[in-house]
Structures are given as structure tokens and as C-alpha cells.
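Student: I'd like to learn how to read a model like this one, feature by feature. Can we look at it together?

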Amino acid sequence: MIEIKGVRKSFGDNEVIKGIDLTINKGEVFCLIGASGSGKSTLLQCINGLESIQGGQILVDGHDVHDKRTNINELRQKLGLVFQQYNAFPHLTAIDNVALAPRIVKKMRRSDALALARQHLEYVGLGDKMHLKPKSLSGGQQQRLAIARALAMQPTYMLFDEITSALDPELVGEVLDTIRKLKESGLTIIMVTHDIAFARESADRVAFFDRGKICEIGDARQVISQPREERTRQFLQRVLQ
Amino acid sequence: MFDYQFYWSMVWSKFPDLLDGAYLSIQITAISIVLGLLIAMPLAIWRHSGRGGPLGALAATWVELARNTPALFQIYMAYFGLGALGLHLSSYAALLIAITFNNAGYLTETLRGGMAAVAPQQTAAARSLGMTGFQSFIHVVFPQLFVIVFFPFVNQINWALLNTSLGMMIGLRELTGATQAAQAESFRTFEFFIVAAALYYLISKLISAGAHLAAWRLFKD
Amino acid sequence: MVINITPYSGLQWSDFWYVLDGAWRTVMLTIVSGAAGTLIGLVLGWARENSVILRYGLALYVDVTRSVPLIIQFILVNSVFSIFGLPLTPLEVGLLTLSLYMGVQTSELVRAGIRSVPEQLQKAARSLGMNYWQVQTHITAPLAIRTIFPSWIGTLIGLTKDTALVSVVGYIELLRAAQIVINRSNETLLILIGVGVFYFIICYPVSLYGRRLERRLAHD
């Protein structure tokens, strides 16, 4: 379970998260929607400690992410984060990309790590591209590579940061198929997305972010089809044009 | 261990000589840069579009010789080498010619890189509008080229300044040579050359400052 | 009686060996100060990128080294050590000065290389649970080196040419050896051109290789 209590975050003088309270339960698919700059992506990076917070607390399975005594590298193994820009390591082949962290962080033997990598690449449908470097892969393939890489660490929670925003429309489908597979496997998924249709179809709960605060939160179908708040309605109307 | 006495007064008494030397260094730098640039422009064009033929080969040879042999070697060739062929140049002329040769080689590459960076579509667009090759170069390519090569060009000026110090090796009293001559009587090597170093640093900073000022005024958008 | 006195003794075999020895010294200077300088540069560059104090503290030193002619640096190093009562041999002065010079040049390349690694990649690596050193070793270093290497080759070529200046403190490398032989034998053009060819043969292929690398890098 991930508990976010009263979290505030600023970049210099600019406060982007103005007090968020949220609990994410094991096994649920939770989507964050909202306008660009409303703080959603920043929140994800606060959850895994890449960004600091100026107020409040984030607890992952009871561990305080921002406490200096917490072993953040160990905690990050439970949290898989996939970025909008894929960030595949350009100097490594696909299989080496996936095997690197298991090898050096989990101290797996090289052969075990490669077998694990192969397994995960096949899971996301890149089994035949294992020995290619990222530059030879399409955007959608690189994104799936990034997903496989995060999954190989066997996290309990997967955080997706607008992973379809940088893709051409034709490539979005293959990535979303992978997410659906993950959902079926019981992984807890937190997803920041612009894709309202996907959120309506696959999410359990949805939260609408507006200017640094949660404006509305609830069951996915209800929030999207029958929003209670006016601002939510306005946002959805604009986006669903 | 440290019983050395610094005699700065010696340096100040010879300071006018150092300034004369500095003036000579700056002079040679300026002339060699201008001449080098003038030579580099056609060379760069021949290398960029020509690609083959005698002109392209001439340009390629010039560039590779300038960049793959020491500047001091080029200076010796101008001073001693030409001398052996009967053409006896003064150390001033030899240094000037050698550094011009050197500048031309490096600047050709700089210009060529800049030309390659200005997209060929620009020239295509200009020609499609009916401009001649020359017109498209002057009005479309050159302005963009100028911005790209500006700071590399300033770098080359500093490079040329550093190379003028080699004039000492052929007896020219530019700044380094003048310093060497000035300290010969008193053997206050350290004091004299520290001052010379400071002068070089100062001149180089002035060049950079001038460049930034020019850039600010020229590239104001 | 006619006495034929020629001031020039003509080219002899011993001259050839003398110049060849000078060539060997040039190569040796390049290799030793190249290696030492690269090491210094790697440490200095990495340190300056990761420490604000060093970045600004050493900025003046780096700036001065790049703005003052190498000849003067040789002379100053020589005289500084004399002043302190620890006179160095010409070879030592040459190696020290060239190594420091190469170190400063390399450190600037290293800094640029480190900065060229996108921060996003380091974030991704940290998200996977890697610690700081693992990120530096497995992500930053390999990618930085790919950027640094072609430019470093260019700097090394520059170093080869700069060895010609060591003669100002009395160490006889190739160009000075050639000059000495020329003075005695008056075979100016032959020897001078031969020396030029030597430098060219060392530098040109290496610079071609460097350029090829740079093109391949641009393709990645």
C-alpha cells in the first residue's frame, strides 16, 4: 500500500503540489488525469524519491520514502518507474538494458540475469529484438523495452508516467496491450495518462488533478462518465473533443 | 631553500620593450588572421562543393599540411626552408607567412564545417527563387554561416596569438622574443616571463571580451 | 697549395642516427605526457563536474593554462623549480609541463562529455535501484567516453606537435635535432622536409581515424 499524506512540493518559488492525500491499495489500477503542469508527473517522481518533497510524507509499505534513514535504492526495487521519454540506455542492446539492474543491483549471476531479461522481453513482445540497440527500435518498441526493464526488477508497484504521450498513434495500442496484461497479473499500477478512454476502460479508480490538488477522486467509470465536480466536467469536455 | 629575491624593478625598466613586443604580436596576429581568412574562403568552397579536381586537391593538401605538422615546423620552413631556395625572408615576414598558412588551414576546416551545417535546402530554396549561386551565398548562406563560425573563429584568433610566441625561435622580438632579450642581462627569468604571461592573458581576455561585445551587438535577436 | 675548407661537413650516417634519436624522443614525450595528462584530465574533469568548489576554484588555473603560450609555460616551470632550489632536467620540465597542459585540455573534454549524458538516463538508472557509483560506472562513464574519445584523439595530435617546443628548455627532440644537423651540414630542405614528413606520418592517419570515429558517433 502506498500512502501519500499531505504532500507539498515546490520548484523554487513555484508550488506544484499543494497538499495531496491519497492511498493506493495493493492490486488496484489507479489513474491520474489532469492538465499538463498540474503536478501529476512530479508526484510519481516524488513517490520513488527522485524528487524531494517540502511537506508531508509518502509511505511505501510502511517505509518513509524521504526519510534519510530509508535505504532508497532497496525501496526503488519495489517501485518500477517508466518514463515518457523511454530513456533506454543507448549503448546497450535490449537484453543488456533489461539485465543490467538485476545483475548489478540484485547481484544476480550474469546467466541468470540474461535468462530473466529474455523472459521479460518475450513478455512484452520483443523476443525477436533482444540483440538490437535502442536506436534500431521504434518508439513503441523502446517504450516496451523500458517496461520490460522495470519489470525485470520484480517490483510490487509499477508507476507509468504518460508513457503513450511521446508515441505515434499507431504505436500506442501495443503499449496499452502490455499494460492490460500487467493488470491481469495482479500488479499494482499507478498511471499518469492523457488517454481518458484507457482510464475509463481499465482503471479501478481515477483521480483528477487540478493545479496541484486532487479535485475529484473515485471509481473510474463514475468520475469519467458522471463527474461530480464542475472543473472535472470542463476538463473532460475539452479533452474528449 | 627559498632565498630568492624578486626584482620587479628590473622588469618595469624594460617594460616598454615588452609593450613593443606585445604590439608586434598583436599586429602579426591581426594580419595573419585576416589574410588567413581571405585564403580560407575559396579553399573552403573548393573543399565543400568541388570535392575533386586540382582545386579541391590543393585545398585538401593545404589543410592537412597545416593541421598535421607543428606550427614551429611551418615557421622553420618559411625562414630556413625558403632561405635554402634563395628566398631570404626576415623573421617578421617568415613568422607572418607561416602563421597565415597555419590559420588558413584551420579556418578552411572551420568554414567547411559551418557550410555543411547550413542546410543544403537553404541553397535549394534560394536558387528556386531565381538567385544565382553567388547571390544565394551572400544573402542566404553567409549570414547563417557567420553565426555558426563566429566563436570558432575567435578561438582561431587566440590560437594565432599563441603561435606568434614562436617568433622567439627565429629571433623576432614579438612579446616572447622581447621578453627573452630583456631578461638576458639580469637573468630575472621568472619575473620577466610572469609579466609576459600576464600580458598574453590580458590580451587574450580583451579579444574574448571584444568578441562577446561584437556578438551581443550583431546577434541581438 | 689550395686549401679547401668547407664549413659544412656534409651529411653523415651519424647524423641520421642523431635525428632518429630525436624522433624517438618526440614519440616518447608524446606517449608519456599523453598518458599522464589523460589521467590527470580524467580525474580533474570528473572532479570539476562533481564539485562546485573545484569547478570555480580551478577555473582560473585552467583559463591561464589555455591562454598563455606553451613556450612561456616551459620557461616558467623551469625557472620556478630553479628558484625553489630543485632544478629539474630539461626532460623533467618538458614532461611535467606537457602533462599538465594535456591534463587541462583533457579535463575540459571530460567535463563536456559528462555533461553530454542526458540526466534522464541517470534518473532511469536510479529508478531501477542503482546507487550513485553504479550509475557513474555503467551509464555515465561509457556514454561520456564515447563523446570524449574522438576529441581526445585531436588533443593527442596537438600534443605530438607541441613536443617540438620542449627544445626551448634545452631538451633535444626531433625538430631541434634536425636544426642542429642542418646547421652543420647545410642540407636544409632535405632534412626539414624529412622531419615534416615524419610528423605528418604520425599525425595524419590518427586524425583520419578520429574523424571517422566522429562521423560514426554522429550516426548513433
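**Reading the model**

Tutor: Let's begin with B:Trp12, which counts as exposed because it has 12 C-beta neighbours inside 10 Å. The general idea is to count other C-beta atoms, placed from the backbone, within 10 Å of a residue's own: 20 or more means buried, 12 or fewer exposed, and in between partly exposed. Before we go on, some ground rules: residues are numbered from 1 along each chain as its sequence is written, and chains are lettered from A and ligands numbered from 1 in the order in which they are written. This is also a predicted model, where local features need pLDDT of at least 70, side-chain atom pairs count only at pLDDT 80 or more, and totals for chains, interfaces and linings use all residues.

Student: Which helix holds B:Trp12?

Tutor: Helices (H or I, at least four residues) and strands (E, at least two) are DSSP runs, numbered from the N terminus. B:Trp12 belongs to helix H1 of chain B, residues 8-50.

Student: How many helices and strands does chain B have?

Tutor: Eight helices and zero strands. Its C-alpha trace spans about 75 × 50 × 30 Å along the principal axes, and 41% of its 221 residues are buried. For contacts, the test is C-beta atoms, again placed from the backbone, within 7 Å. Among chain B contacts between residues at least 6 apart in sequence, 75% join residues at least 24 apart.

Student: What does B:Ala196 touch?

Tutor: Leaving out residues up to four places away in sequence, B:Ala196 touches B:Leu18, B:Leu175, B:Thr176, B:Thr179 and, over in another chain, C:Ile72. B:Ala196 is also among the residues with the most contacts inside the largest nonpolar core, which has 177 residues. Such a core is a set of buried Ala, Val, Leu, Ile, Met, Phe, Trp, Tyr and Cys residues joined through C-beta atoms within 7 Å.

Student: Now chain A. How do I read the sheet there?

Tutor: Look for paired strands, meaning DSSP finds at least two bridges between them. Six strands of chain A form an open sheet in the order E6-E7-E8-E3-E9-E10, with mixed pairing. Strands E6 (79-82) and E10 (213-219) are at the edges with a single partner each, so one side of each has no neighbour in the sheet.

Student: Where does E3(A) get its partners?

Tutor: E3(A), residues 29-34, pairs in parallel with E8(A), residues 188-192, over four bridges. Here A:Leu32 stands opposite A:Val192, and A:Cys31 has A:Met191 as its bridge partner. Five bridges join E3(A) to E9(A), residues 205-210, also in parallel; there A:Ile33 faces A:Phe208.

Student: Is E3(A) buried or exposed?

Tutor: Mostly covered: six of its six residues are buried. A:Val29, A:Cys31 and A:Ile33 point one way, while A:Phe30, A:Leu32 and A:Gly34 point the other way.

Student: What about the antiparallel pair, E1(A) and E2(A)?

Tutor: Strand E1(A), residues 2-11, pairs with E2(A), residues 14-24, over eight bridges. The two form a hairpin with two residues between them, and A:Gly12 in the turn has a positive phi of about 65°. A:Phe11 stands opposite A:Asn14.

Definitions and conventions:
Two residues are in contact if their C-beta atoms, placed from the backbone, lie within 7 Å.
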